[in-house]
Amino acid sequence: VQEKLDLLKQNTYNSVNSLLDSTALDLAAKVDAKIANNEKIGLLEGIPFGIKDVYMVQGTYTTASSDLLKKYKSPYTATAIQKLLDAGAIPLVKENCDSFGHGSSSENTVFGAVKNAVNPELVAGGSSGGSAVNVAKEYTAFSIGGDTGGSIRQPAGYNNIYGLKPTYGKISRYGLMAYASSTDCVGPLAKSIEDIRIVLNVMSGKDVKDQTSYNSKEINENDILKNNVKTVGYFKNFIESEAIDASVKADFLASIEKIKAAGIEVKELDFFKSDILVSTYYTLAMAETASNLSRLDGTNYGDRIEGENLKDTYSITRSKNFSEESKRRIVGGNQVLSQGFSDEIYLKGLELRDHISANFNKDFSEVDVILSPVTPSAPPKIGDSLKDPHAMYLSDAYTVGFSLGQLPTLTVPQGTVTGLQITAAKNNDELVLKFANFLK
Ligand code: GLN
């Protein structure tokens, strides 16, 4: 633990918002004492992990990488994190990310842009960029990210590790700062499928504090050993799109060839155009975040900046302390929800989401899993994506659809620039892990 804390402290990737050193060392000493006494210890006992800085962990700074919450300390602990603590895992660090999960590069943060673990000139991806880098550099054994539209899968792909967005509701969201509540998911990033499986099992289950959470069966080691995927599908228009880089396309088609050679049937599927997926997702995500973040006005939460009257105080506090990207989303979200626009934009978005989900249901009556690249292109250089927010939104084209469908999706590292994404039907997280294990 001490060694990992030192590495985190000295790291030059900007992956750390705050270190939990004294707690971590106390917990480690307890585990050491147990070992010295020959007491039995659990699977996760003493295992060091990282936490994206959007999770409540009692007594720790929980900043969402924002100025607004820079001095905010959590009054309680998120359910998923509490379950890991109960299993004896040791929290080392609150990790840098895009502020409030808003972004795809981990540059939208007051703690400095996170650098890619493979090539530090490039972005780490986002929004769980710090978490992906800490795992890739082995500063943490695993990290807990948050994925609303790709924030676990995309940085996992950019840093060549595994990252799982479980089925929506499999893990309680209680204590995860809400971005877009209807797609927010808690999930692990790690270097092996086995680690993903163990951590997923510990965090899963119904929680009375999150009414969208549900109980699911534990996934045993043996459950994922024998592949039973017979048919794999992929979206033709993802691969034929003009937006895809030639190298990403070539890597993906090479994986498809390998799968075919292993005797698995591969089907081409029809799907919505990427720009429809992106606009549907951003319409709903902006609407939900505008609503969720309205409580951060300097009264109960947020660093208050006094104005001449209450309205002024709200407005100065929010304008000074939210990032440009978060403000863009709050303004956009309020617009699509407002009278005169909501019928045409927000309700249309909800309708499209139903069509997207229906499309997935049809697909999963024909194929066992769907494969896709994680992103259409390689990670950009640090600084580039901030210049063009619209281009950044479009780079989420391959992850956001699965979020709208609330499906389990895993990024599998392939030594390529973006990784391979495996998706299955709702609550079939086991199949995703099984197929990933088969591809290993
Ligand atoms: N990049 C996407 C967005 O900015 C996804 C972010 C996330 O999953 N938190 O909304």
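How do the residues of the shell around the ligand divide into nonpolar, polar and charged? They divide into two nonpolar, nine polar and two charged. Here Ala, Val, Leu, Ile, Met, Phe, Trp, Tyr, Cys and Pro count as nonpolar, Asp, Glu, Lys and Arg as charged, and the others, Gly among them, as polar. Of the 13 residues around the ligand, the nearest are G101, S104, T148, G149 and S151; a residue is near if its C-beta atom, placed from the backbone, lies within 6 Å of the molecule.

Keep in mind that this is a predicted model, where local features need pLDDT of at least 70, side-chain atom pairs count only at pLDDT 80 or more, and totals for chains, interfaces and linings use all residues. Residues are numbered from 1 along each chain as its sequence is written.

Now for the helices, which are DSSP runs (H or I, at least four residues) numbered from the N terminus.

|---|---|---|
| α2 | N38 | near 60 degrees |
| α4 | E138 | near 65 degrees |

Helix α4 (residues 129–136) is mostly covered, with eight of its eight residues buried, meaning that 20 or more other C-beta atoms, placed from the backbone, lie within 10 Å of a residue's own.

Helices α9 (residues 274–292) and α11 (residues 324–337) pack at about 100 degrees, their axes 7 Å apart; axes are lines fitted to C-alpha atoms over the stretch in contact, and angles run from 0 to 180 degrees between N-to-C directions. The pair is therefore roughly perpendicular (65 to 115 degrees).

Methods. Helices (H or I, at least four residues) and strands (E, at least two) are DSSP runs, numbered from the N terminus. Angles under 35 degrees count as roughly parallel, over 145 as roughly antiparallel, 65 to 115 as roughly perpendicular and the rest as oblique. A residue is buried if 20 or more other C-beta atoms lie within 10 Å of its own, exposed if 12 or fewer, and partly exposed in between; C-beta atoms are placed from the backbone.
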